Structures are given as structure tokens and as C-alpha cells.
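This briefing covers the pockets of one protein model and the residues that line them. The sequence and structure come first.

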Amino acid sequence: MNAPIRVLIHGASGRMGQTLLRLMAEQPSLTLAAAVAPPVAETGLLGQPFHPVAELDAAPDFDVAIDFSLPVAFDGILALCAKRRTAFVSGTTGLASQQRAVLQAASVQIPVLWASNFSLGVAVLEDLVERAARTLSGWDCDIVESHHTRKLDAPSGTALTLGAAAGRGGADPRYASLRAGDIVGEHLVQFAGQGERIELIHRATNRDIFARGALHAAARLAGRDPGAYRLRDLLD
Ligand code: NAD
């Protein structure tokens, strides 16, 4: 039997971090090496054995890190993965272009996967948007994304990913962002022509889908050759 894949969860006290910890048991090939979060006093959470962010360098050995944190915390965990030669899976959005460049550079040394959205539905939507844009030349393309009020970045990383897909198809998308209530995530891509329009919508009703996608990716990324992988490269 293969040894379990040791996972470090970075951003473990957050909404996604807590969901990842809850769902880890669904991937029997994975075992928790460390759950990294700022000190308890800062997070207000009690009773969980978090490894402190300030001691990231002293984290126990791991094979793959899963990072759902903040842009300000991204560089540290990526650097640790590069130093330890481990795989790196990240869903943190709002990264600066410089951080994306560092991620690309790290992919020469380690396997990395960054995705703005870890749901299967959005992976399919991306393909549909590119195909629609290619076919509907000259139509207006607008992307409207809605999220909960605590989301920091706008437009969402997913909206930008869908916009890039539309751009590959020749469209020039515009963006609108709504922040309301506890919406997990909705993305509407609208193509409007003369007298007709098409609306492609993805609604996430539960963040479990993102966590499952990230855990699935982590289980398949660990031990791979260095490179920048896409979620669809790792889907069964
Ligand atoms: P959250 O605010 O609930 O959690 C953020 C986490 O980062 C917390 O655990 C916080 O303690 C931690 N953190 C803050 N500063 C840190 C530091 N210096 N070092 C280490 N950790 C630190 O946010 P969330 O809803 O869990 O989302 C986290 C990120 O994931 C956001 O960027 C969000 O947009 C993104 N996200 C991506 C997807 C996807 O599918 N790619 C899905 C949902 C959320």
C-alpha cells in the first residue's frame, strides 16, 4: 500500500480552510500534516491545534500544500513549498501580477496548480464561454459576478478566468460585481446580439465543491513532475 500523502492546509481557520479540514476524510490517500493559521488570538477560534503562521518555516514535513488564504500570505507558503520541493495547490484570489509571475517561476522547480475556481461546473463553463465567444463574433459580452459581503477582491478571480476564456474566443468582456448577503458565488456570462441574447450561469450554493476540487487536485498533484498544471489536467 502507498504511504499517505501528507497535506499542509494554509489558511486553516478561514471558511475554506475549515471546509477543507472537514472534508479531508473523503480522500483516503490524504493525511493532515499541519493546519497553518495566525495565532488563536487573531482568529478568535479556540480548541484547534493550528500550526502558527509565524513558525511556517518549522512546519512538519509535507508532500503538498493547499493554500486558501490571502494575497499577503501567499508568498510565504509558496516559498516554503519551493524550498521543501513539495507540490503547491492554491485557490487564493486577488493575487498581484508579480505574484503570478513568481508562481510561474516556481513551476520550474515544483508542481503547482492555481485555480480561481475549483468547481467542475466552472471548468465546463470556461469551455462553453470560449466556444460561444468564438461563434458569436461582434456580440456584446458582459460578466456579472455576485458574492458574499466579506469577499475582498472584485471582480472575482473566476470572473477574470471566464473573461480570459471569452477573450481567447475574440470577445472583449466587461465586468460587474455585486456584494450581497451570504452568496457563495454566482457568475453570469451574457452574450447580447441584435434581438437575442444568451446567458450562461453558474451558481455555487455550497463551498464544499471548491474544497473537494482542491483536495482531489492535491491528491493527484503530489509527486508529479514540476510544472504549472490546470484543474482539467487532473480531472479523472
Ligand atoms: P477567509 O477570510 O475566511 O480565510 C482566510 C484565511 O487566511 C484565514 O484562515 C486567515 O486566518 C488566513 N490568513 C490571514 N492572514 C494570514 C497570514 N499572514 N498567513 C497565513 N494565513 C493567513 O477567506 P475564505 O473565504 O476561506 O477564502 C480564502 C481565499 O480563497 C480568498 O482569496 C477567496 O477569494 C479564495 N477562494 C477561492 C475559491 C476557489 O475555488 N479558488 C473558492 C472560495 C474562496
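W114, A115, E126, T161 and R230 are the closest to its centre among the 21 residues that line the second largest pocket. The model is predicted.

**Second largest pocket**

- The lining of the second largest pocket takes at least two residues from each of α4 (97-106), β6 (111-114), α5 (120-135), α6, β11 (227-229) and α8 (231-234).
- Sorted by class, this lining of the second largest pocket holds 11 nonpolar, 5 polar and 5 charged residues.
- The second largest pocket lies between domain 1 (5-114 + 208-234) and domain 2 (120-204), because both domains give residues to its lining.

**Largest pocket**

- The space in the largest pocket amounts to about 1,200 Å³.
- Its lining consists of 43 residues, and R15, M16, F68, S69 and L70 are the closest to the centre of the largest pocket.
- Two or more residues of the lining of the largest pocket come from each of α1 (15-23), α2 (40-43), α3 (71-84), α6 (157-168), β9 (185-192) and β10 (197-204).
- The lining of the largest pocket comprises 21 polar, 16 nonpolar and 6 charged residues.
- Domain 1 (5-114 + 208-234) and domain 2 (120-204) both contribute to the lining of the largest pocket, so the largest pocket lies between them.

Conventions:
Residues numbered from 1 in each chain as written. Predicted model: local features only at pLDDT ≥ 70, side-chain atom pairs only at ≥ 80, totals over all residues. Heavy atoms only, no water. 1 Å grid on protein atoms, 1.4 Å probe; cavity = no way out; pocket = protein on both sides within 12 Å on 5 of 7 lines; lining within 4 Å. Points joined across faces, edges and corners; volume = space filled by probe spheres on them. Helix = DSSP H or I, 4+ residues; strand = E, 2+ residues; numbered from the N terminus. Nonpolar A, V, L, I, M, F, W, Y, C, P; charged D, E, K, R; others polar. Domains from an automatic or database assignment.
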